[in-house]
Amino acid sequence: MLFNSYIFVFLFFPICLLGYYGLVHFHKAEAAKVFLIAMSLWFYGYFNLSYLLIMVCSIGANYMFHRILSRRTRKSVMIIAVAANLGVLFYFKYFDFFLSTINTVFGASVALRNILLPLGISFFTFQQISFVVDTYRGEVRDCSLVDYALFVSFFPQLIAGPIVNHEEMLPQFRRIGQQSVLWERIAEGMGLFILGLAKKVLIADTFGAGVDYGYTNIELLGRADAILVIISYSLQLYFDFSGYCDMARGIGKMLGIEIPINFNSPYKAVNIVDFWKRWHITLNRFFTKYVYIPLGGSRRGAARMYCNLMLVFLLSGLWHGAGWNFIIWGAMHGVLYVLTRLWQRSVKPGAMHHNGFTTLMSRLLLFVYVAVAWVYFRAADIAQANRMLYTAVKGPIQKISTGLTACFQVDEFWYVIKVLHFDNKTYSRYILMWVILGVGIYLSMIGRNAAQRMERVKYSVVSASVIAVLTVWCVLTFSEVSTFLYFNF
């Protein structure tokens, strides 16, 4: 089930909200938790019932490991648990990639299995690995099956994160039934949800149309077309992922649960180290705690530290997708990250000064590098990525194609252009494209993000009217429903 769908907005979530608070009102805390689990299973099973079976079995197996480790902390049990989780993830996500690599390297012809990837498996697998490892380390107290099932299946963050940990979620689940309805928190959550929804359906999907056109028709693109497609994908991914994170946090707030921030204006970063403190924050946290630090972190010398960092980024690339293009994407980030750390260690403390100009240039240069890396993230394979980058640098110099500009002709805004009698101008087909690009760049690199806006919002007729207009506008676009990009990972 998608957040941006009629069934979620008009059926699923109203039932969830009313049922949950109804049980809380009558002090049925345990029943409220079970109700949330049932709603989460409905939410997940709506995509595919076979997905649901996989997730339920995963929850049962990992809870068994938790119970064993909470009684006797045997390292062998922890290793078996982690290996079992990684084995399931490998089978569903990487087995075909492994077979195709074998075929390529050895000239074999092993038939691929075409295994269907269960949605969210990367997220809930890593979440459960962290829980099992923390149990082994003695960081998790005895946890009931209900609390654990809710921890894994809680639907706002189930499909595309964030990757939450026990410290931030279990205490909140244990307090269910102790709090009353806070209308201000519900209003804040609703506002955050609508802003996230607007990011997704009004901005990300508009850029997505241009991106899909560009990657489908690379042979028709000129130099300017390719550059615009590359920028558009960088903005599409930003608004798509940040929109999901905002919606997840908004839903959590409406249910009285604080979901951690996973996305904090990464295109405002001035270097790649800063970027990874802002982009997919909880994934970075997972790799730091469970890979980087166990490998020795920075405790075994600079050379070992840089190797550990590079390995983390290669694993991050592989986590995002089963393909060599994702590994290249991870390597590009890893190389720049290591070089940046080398430079930071060579500069004396206090020697680095940023003024407005240097900050702007740092953001722009980082954006260009990240946008180039995103080409390998978006492309079907390395060859397609290379072709897109070649076209952006060496492609024909020609007018921006009508097929690309047509993707930005949003009906609502095109009507305004007609009213203003700009539609008969020779440049009319470029107006909306440049306006939408300008808005996207401003919101992602300069303006306040959704969380910051909700912190400063003053509830009034004006703010309520803005939220109402955005709600209606978003709902009217549901007929062109599209999934979130991170569902693929």
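I took a disulfide to be a pair of cysteine sulfur atoms within 2.5 Å, and with that cut-off I found zero disulfides in the structure. This is a predicted model, where local features need pLDDT of at least 70, side-chain atom pairs count only at pLDDT 80 or more, and totals for chains, interfaces and linings use all residues. Residues are numbered from 1 along each chain as its sequence is written, and side-chain values use heavy atoms, with hydrogens and water left out.

I looked up C474, whose sulfur is 17 Å from the closest cysteine sulfur, that of C245, and therefore too far for a bond. C474 counts as buried because its relative accessibility is 0% (buried means under 20% relative accessible area, exposed over 50%, partly exposed in between, with a 1.4 Å probe and protein chains only).

I then counted 58 aromatic pairs (rings of Phe, Tyr and Trp, the last by its six-membered ring, with centres within 6.5 Å; planes under 30 degrees apart are stacked, over 60 edge-to-face, the rest tilted). Y44 and Y51 have ring centres 6.1 Å apart and planes at 45°, so I noted the pair as tilted; both Y44 and Y51 are buried.
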